[in-house]
Amino acid sequence: MTSRHERENKKTENELLRELKTLRKKASTLEVCEIERDEIQSELKKNEDDVNALLNATPEIVFLMDKDGVILAANESAARAYHTTVKELLGTCVYDRIPPELNLFAKTKASEAVDSTDPVRFEMEWKGRFLDHSLYIVRDEKQQVTKVAVYVRDITRRKQMEAELQQAEEKYRKIYENATEGIYQSTLDGRFISVNPSFARTHGFDSPEECLRSVTDIGKQLWENPKDRLDMIELLKKQGSVENLETRMRRKDGSLHWVSINARPVLDAQGNMLYLEGTMRDITRRKEATEALAESEERYRTAIEHSNDGVAIVAKNGRHQYVNRRFVEMFGYTAPDEIIGKRVTIVVHPDDRERVSTINQRRWTGGPTPSRYEFTGITKDGRPIFIEVSATRTTYRNEPVMLVYLRDVTERKLAEKALLRSREELEQLNRVKTKAVNHISHELKTPLAVIMGNIRVLKRKTETSSAGTDLKGILEALERNTERLLRMQRETDEIFKVSQEMETSVLSDEMEFLRERLDQFGNVPPEVWSHWSALKEWLSQYRSGSTEGFQTIDLYPFVRIAVENAKQRAAHRKLEIHVEGNDGITIRMDPRVVGEVVEGLLKNAIENTPDGGAIGVKVEESENRAWIHVQDSGVGITEENQRYIFDGLFHTEETELYASKNPYDFGAGGKGLDLLRMKLYARRFGFEISMKSQRCRYIPTDKDVCPGNISLCEHCKTSQDCLNSGGSTFSVSFLADVKQDGGSR
């Protein structure tokens with residue numbers, strides 16, 4: 001039993017030892033596993049730290065989320081972006097941390113990444129920042145998408161730079177497209193790489209695209225001389241750039257124009273030419289202007305050098321800077337060098353040097369000077385000549401100078417002296433003739449009146465006596481011819497009166513001219529002007545009308561009254577006289593002057609219109625002037641005689657001097673004194689008188705005679721026929737009277 005018990009105990013001990021050995025072995029294995037686990041944990045911790053360091057080293061936002069948006073892992077940049085810590089960020093939903101308006105968009109992009117299994121990239125703006133998102137899926141061991149890795153990069157600066165770059169590109173694009181100069185890039189073999197719109201327009205193309213498409217060989221198609229382009233390329237190789245190269249090129253239509261080119265080559269790293277670029281502008285107008293200026297300068301130089309007048313440029317110091325050929329010849333010199341640099345007085349006679357110097361000094365100081373005057377010059381050999389001079393201030397070589405024109409008027413002055421002597425002799429003869437005519441006229445007036453009175457007494461006595469018809473015929477002939485002599489005497493008085501008015505008008509004009517000449521000297525004593533005014537006043541007594549008699553005249557009623565008076569005086573004539581116009585057309589004028597003008601025009605029309613004819617009078621206002629038109633259907637005036645119509649004593653037939661017709665009879669004519677007086681009035685009072693006339697085509701010359709009655713005319717049957725065949729229209733225009741508000745009254 002004991003042995004069996006011992007054996008059993010022995011067996012148990014062995015088993016225990018084996019188990020203990022096994023346990024020890026397992027314990028050792030556990031120790032090794034624990035060490036390995038610690039090592040693995042340490043390695044994992046190290047790897048985790050490395051991953052975190054890697055993730056935290058980037059400024060990008062990085063986080064891992066499940067498909068529902070719950071953040072499983074994140075770097076510190078993500079925590080900072082959401083204003084929290086990494087620990088607090090884990091386990092939260094990313095969609096709860098972004099604005100609601102971006103929530104749906106973010107979920108859509110996440111779903112898109114999960115569904116497509118491909119990375120998804122998109123940009124989103126948040127709080128003024130631009131963020132670039134990249135989404136990558138994460139699969140498990142079964143290749144199922146369980147997570148989404150999100151990488152977010154702040155691209156705000158890049159966006160700003162892109163916008164700035166885009167703005168810069170847009171700015172330079174606008175500069176390029178809107179530049180007034182043509183800008184181009186071209187290959188060496190002659191094709192355009194790019195051109196701007198201005199370049200295309202310069203060469204006649206509608207657009208840059210058309211230019212690029214159409215031009216395949218720049219040298220042959222655009223350059224007038226293709227070799228010039230090759231020469232420019234060689235020049236670029238030598239000096240690296242070309243500036244302001246002027247050449248002629250062809251437009252699209254083949255026309256030539258001038259351009260100025262700036263060009264430079266674009267080189268590669270080895271210094272080889274890749275292509276050319278530069279600018280080009282059209283200088284055709286400038287070249288044409290330059291050529292025109294050169295031509296103008298040549299033309300004026302030729303004109304001045306070959307002028308019949310002497311031309312000089314005088315400096316402010318009174319010395320000649322330039323003289324032309326005629327100047328040299330005029331004063332007897334042989335070359336300009338003999339005069340240039342010398343004072344102007346070298347060509348002025350000693351008697352006139354002081355006066356010429358004074359006038360020049362006044363002109364430099366801006367004082368009153370005559371625009372044109374005469375002086376006595378002196379030639380190189382001492383011969384005096386008469387010179388007419390005009391001068392003006394100008395600029396020459398940036399310095400103030402006097403441009404002087406001189407004309408040799410010696411021959412004219414000598415002729416004027418001869419004419420003056422002849423005029424004085426003729427005026428003396430004319431005065432003698434005028435006095436004689438005036439004396440005869442006055443001497444005839446009284447005896448003719450006595451004779452006429454006695455003839456009429458004898459006529460009355462013969463009417464009650466048994467005197468024979470022969471005696472009565474003799475008395476009628478005596479009365480008729482005596483009346484003719486009286487009419488001639490009255491006309492002689494009228495001629496004398498008009499002659500006085502003409503002479504007075506001429507003298508008044510000469511006095512005004514004299515006053516202008518005197519004003520040029522300045523400092524004229526008051527007593528001189530007093531005598532001048534007294535003489536003007538004395539002359540005025542021989543002139544009809546005056547400005548002192550000016551009144552406001554309503555022209556249409558005034559003319560209508562004059563027409564009625566003319567109708568009464570011409571009551572024995574078969575004429576139709578009509579007048580048209582409106583009241584309220586007023587002028588300021590002496591009524592007597594206007595009356596004589598209107599009466600004279602009506603009388604002239606009546607005396608030149610045959611019986612059965614018509615006369616039209618019209619009063620109108622146009623462009624601040626009041627007009628009176630008197631149109632007749634008379635015989636008209638030939639073109640040759642129209643130029644003399646206002647000269648006075650105008651007549652087409654010598655027999656008119658002895659015509660026995662009465663005023664207002666057809667063909668009574670007159671001597672043109674009325675029209676002459678109108679001309680003098682117009683010159684004196686500032687109105688205008690004109691005439692248009694067409695000679696009757698059936699009696700084209702002054703020798704042809706009108707029968708004086710349309711009913712006797714073999715060509716005209718009505719007054720309109722007569723009017724269409726010829727006639728005259730006299731027009732008088734006055735300055736219309738103006739209201740205070742600027743309108744005509």
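Trainee: Which residues are buried in α4?

Mentor: Good place to start! Keep in mind that this is a predicted model. A residue is called buried when its relative accessible area is under 20%. In α4, that applies to Leu102, Asn103, Ala106, Lys109, Ala110, Ala113 and Val114. Seen down the axis of α4, these buried residues fall within an arc of 145°, so they line one face of the helix.

Trainee: Which residues are exposed on the other side of α4?

Mentor: Glu101, Leu104 and Asp115 are exposed there.

Trainee: And what do the buried residues of α4 pack against?

Mentor: Look for strands: their partners are β1 (61-66), β3 (120-126), β4 (129-139) and β5 (145-154).

Trainee: How can I check the length of helix α4?

Mentor: Compare the expected span with the distance between the ends. Helix α4 (residues 100-116) has 17 residues, so at 1.5 Å a residue it should span 24 Å; its end C-alpha atoms are 25 Å apart, which agrees. Just after α4, look at Thr117, with a positive phi of about 60°.

Trainee: Which residues make the nonpolar surface patch?

Mentor: Leu17, Leu20 and Leu23 make this patch of about 270 Å². Leu20 belongs to helix α1 (residues 2-57).

Trainee: Is Leu20 buried, partly exposed or exposed?

Mentor: Buried means under 20% relative accessible area and exposed means over 50%. Leu20 has 35%, so it is partly exposed.

Trainee: How many helices and strands are in the protein?

Mentor: There are 20 helices and 22 strands. Of the 745 residues in the protein, 34% are buried.

How values were computed: Residues are numbered from 1 along each chain as its sequence is written. This is a predicted model: local features need pLDDT of at least 70, side-chain atom pairs count only at pLDDT 80 or more; totals for chains, interfaces and linings use all residues. Side-chain values use heavy atoms; hydrogens and water are left out. Patches are made of residues with over 30% relative accessible area and no salt bridge: like charges are joined within 9 Å, nonpolar side chains (Val, Leu, Ile, Met, Phe, Trp, Tyr) within 5 Å. Accessible areas come from the Shrake-Rupley method with a 1.4 Å probe; for residues, only the protein chains shown count as cover. A salt bridge is a side-chain nitrogen of Lys or Arg within 4 Å of a carboxyl oxygen of Asp or Glu. Helices (H or I, at least four residues) and strands (E, at least two) are DSSP runs, numbered from the N terminus. Buried means under 20% relative accessible area, exposed over 50%, partly exposed in between (1.4 Å probe, protein chains only). The expected span of a helix is 1.5 Å times one less than its number of residues. The arc is that of the directions from the helix axis to the C-beta atoms. Contact means heavy atoms within 4.5 Å.
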